[in-house]
Amino acid sequence: MQECRELLRALCDYLDGAVDAQSRERIDRHLKDCRHCRILCQTTRMTLDLYKSRPPNGVPAEIECRLMASLERRFGLKC
């Protein structure tokens, strides 16, 4: 169970390739033995891949205008 918690904390860095070699080996071993974490990791990776494959969506002009006006009022910014 402790290893599962550690995997959850490191999952984003692991998927981004931002963990050291020792951590990667430990996570890989855990994923080999823990079906639940393996499914979580695979599902998260597929979700990220799907998200990255989509073209970027712009913010609708009306929302951008309202957001900028709110920032200007709140922080005195001139956008």
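**Helix packing and cysteines**

Start with H30, which sits in helix α2. Helices here are DSSP runs of H or I with at least four residues, strands are E runs of at least two, and numbering goes from the N terminus. Before going on, the ground rules. This is a predicted model, where local features need pLDDT of at least 70 and side-chain atom pairs count only at pLDDT 80 or more, while totals for chains, interfaces and linings use all residues. Residues are numbered from 1 along each chain as its sequence is written, and side-chain values use heavy atoms, leaving out hydrogens and water.

Back to H30. Is H30 buried or exposed? Buried, with a relative accessible area of 10%. Buried means under 20%, exposed means over 50%, and partly exposed lies in between, with a 1.4 Å probe and protein chains only. Leaving aside residues up to four places away in sequence, H30 touches E3, C4, L7 and C37. Contact means heavy atoms within 4.5 Å.

Now the helix pairs. Two packed helices are described by the angle between their axes and the distance between the axes. Axes are lines fitted to C-alpha atoms, for helices over the stretch in contact, and angles run from 0 to 180 degrees between N-to-C directions. Angles under 35 degrees count as roughly parallel, over 145 as roughly antiparallel, 65 to 115 as roughly perpendicular, and the rest as oblique.

First pair: α1, residues 2–16, and α2, residues 21–33. Their axes are 11 Å apart, at an angle of about 120°. The two are therefore oblique to each other. On the α1 side, the contact uses E3, C4, E6, L7, A10 and Y14. On the α2 side, it uses R24, R26, I27, D28, H30 and L31. By class, that is six nonpolar, one polar and five charged residues. For the classes, Ala, Val, Leu, Ile, Met, Phe, Trp, Tyr, Cys and Pro are nonpolar, Asp, Glu, Lys and Arg are charged, and the others, Gly among them, are polar.

Next, α2 with α3, residues 35–53. These axes come within 6 Å and cross at roughly 110°. So α2 and α3 are roughly perpendicular to each other. H30, L31, K32 and D33 of α2 meet R35, C37, R38 and C41 of α3.

Then α1 with α3. The axes come within 11 Å and cross at roughly 25°. That makes α1 roughly parallel to α3. From α1 come C4, L7, L8, L11, Y14 and L15. From α3 come C37, L40, C41, T44, R45 and L48. This contact has ten nonpolar residues, one polar and one charged.

On to the cysteines. How many disulfides does the count give? Zero, where a disulfide is a pair of cysteine sulfur atoms within 2.5 Å. C4 is in no disulfide, and its nearest cysteine sulfur, that of C37, is 3.6 Å away. C4 is buried, at 18% relative accessible area. What about C41? Its sulfur lies 8.7 Å from the closest cysteine sulfur, in C37, too far for a bond. C41 is buried too, at 4%. C12, in helix α1, counts as exposed at 57% relative accessibility. C12 and T44 are 32 residues apart in sequence and 8.9 Å apart in space, C-alpha to C-alpha.

Last stop: P55, in the loop between α3 and α4 (61–75). P55 counts as exposed, at 59% relative accessibility.
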